[in-house]
Amino acid sequence: MNAACQPVEVRHLSKSFGTKPALTDVTLSLAPGTVTGLLGRNGAGKTTLIKCLLGLLRPGAGESRVLGERSGDLSPGVKARIGYVPQEPVIYPWMRVRQGIAYQGAFYETWDVGLTEDLLKTFELDPRQRIGALSVGQLQKLAILLALACRPEVLLLDEPVAALDPEGRRHFLRVLLDLVADGTRTVLLSTHITSDVERVCSHVAILKDGKLLQMAEMDELRGSVKELRLAASRPLPEALPGVPGVLSYRGGGSSAVLTVQGDVPAVAARLQRELAAEVTVMDLSLEDVFLELHR
Amino acid sequence: MTLAAERLLRVFPSSGVPIYRQLMDQVRALLLSGQVRPGDMLPSVRAVALGLEVNPMTVSKAYSLLEAEGVVERVRGTGMRVCPPRSGLPARDRVAGVRPLLEQVGAKAQQLALTRRQVREALEPYLKGLTE
């Protein structure tokens, strides 16, 4: 394995379905010990990216590598070090839960039987139940258990909590944090629940229409997108042409609210000077940041 | 004594304030209120991460910044220990700790057209605990 290569490397990856582009020139790399939240609207390309990483889809251009090997031809040895939770888990419905676990475990050298027992209890799964009779949420819990039980070095999760109740989600977050606590795993997690991402993720990647809009450390991203509130004794302008990094502006009268991306202190100082306004900088939640970047 | 993370610390992921800053503020507040004393050990990074369901790197970051500020010190193999207050520093350096706040007070007072005397009088009740 190339020493400079991170556990997950994506270079200029593009993928189309027919004439419709799903991913366009995506480049990113994920370092060991990081948990990256993959955000994007429906159809932004999250699932396509994860499937390309696993070699389940062939890219049109560019390439991706996981643990040093090209996604298209991952060896069984490397596959055994990757955990994957698909959006819609498919597990043999005629098996019982316990059989399904034993069946999958047979493929892995690093299978942690103790962990599977713990997770069965945590997720309140009945090992004797037929997999076909599980609810959507229970099936998702089983898929998470199967992905984690080999203690994977790279974990790819495609909306793993979409069908879980709030308690199940909390259990999942705790289990995930327990796995990454040793600082050696690499996790990519797609989800729509931004508050979960704020809790457990160190990094954020945002896809928009197949393009990578942002790839940054969580605090760096949140430090670079802020809301400014202006108050002045003179009427403020209706728009702010020529000020760089302004994502949105609602103004008029003696007060205005705008969101800014980039060098926030510099923009704040400039507005204070040019408009003779009192400027208050407000923090935004990740959800607000996400929505502002999609304006 | 090691502190129980989930009992003393709380995070609000969507409040807008980065989680590492919430943790730093809370440790400082616990110190000021006397719930945490010099010599106490902070809970381990892992305990805080699992207890509060936040990323361990976030907790590490908060601890490292508190260490850089001299609020806690790293004890090899044991964890983070709360330091005694840093009265050993020259007064000039300690004054630097309140200067940003005083600058804000000054600027705000100017905007509100207050007099020096009005500001001094307003400040007085907050200085009660100090020596002459």
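Begin the tour by selecting S202(A): apart from neighbours within four places in sequence, S202(A) is in contact (heavy atoms within 4.5 Å) with T34(A), V35(A), E217(A), M218(A), N55(B) and M57(B). The model is a predicted one, in which local features need pLDDT of at least 70 and side-chain atom pairs count only at pLDDT 80 or more, while totals for chains, interfaces and linings use all residues. Residues are numbered from 1 along each chain as its sequence is written, chains are lettered from A and ligands numbered from 1 in the order in which they are written, and side-chain values use heavy atoms, with hydrogens and water left out.

S202(A) is located in the loop between α7 (194–200) and β9 (203–208) of chain A. Helices (H or I, at least four residues) and strands (E, at least two) are DSSP runs, numbered from the N terminus. Is S202(A) buried or exposed? S202(A) counts as buried, because its relative accessibility is 8%; buried means under 20% relative accessible area, exposed over 50%, and partly exposed in between (1.4 Å probe, protein chains only).

**Chain A as a whole**

Next, select chain A, which has 10 helices and 14 strands. Its C-alpha atoms fill a box of roughly 75 × 40 × 35 Å, taken along the principal axes. Of its 295 residues, 51% count as buried. Among contacts in chain A with a separation of 6 or more, 68% are between residues 24 or more positions apart.

**The aromatic cluster**

Now select Y92(A), W94(A), Y103(A) and F107(A), which ring pairs link into a cluster. Rings of Phe, Tyr and Trp (its six-membered ring) pair if their centres lie within 6.5 Å; planes under 30 degrees apart count as stacked, over 60 as edge-to-face and the rest as tilted. The count by this rule is four aromatic pairs over all chains. The pair of Y92(A) and W94(A) is tilted, because the ring centres are 5.6 Å apart and the planes stand at 35°. Y92(A) is partly exposed at 40% relative accessibility, and W94(A) is exposed at 56%.

Which residue forms an edge-to-face pair with Y92(A)? The partner is Y103(A), at 5.5 Å centre to centre with 75° between the planes. This pair links distant parts of the chain, 11 residues apart: Y92(A) lies in the loop between β6 (82–85) and α3 (97–105) of chain A, and Y103(A) in helix α3 of chain A. Y103(A) is partly exposed, with a relative accessible area of 37%.

**Helices α3 and α4**

To see where they meet, show V97(A), R98(A) and I101(A) in α3(A) against T116(A), E117(A) and L120(A) in α4(A).

**Two stops in chain B**

Select V11(B), in the loop between α1 (5–8) and α2 (19–32) of chain B. V11(B) counts as buried, at 9% relative accessibility. Not counting residues up to four places away in sequence, V11(B) touches R199(A), I19(B), Q22(B), L23(B), L52(B) and V54(B). The C-alpha atoms of V11(B) and R21(B), 10 residues apart along the chain, are separated by 9.8 Å.

Finally, select K61(B), which lies over the face of Y20(B) at 4.2 Å from the ring centre. A charge sits over a ring if NZ of Lys or CZ of Arg is within 6 Å of the ring centre and within 35 degrees of the ring normal.
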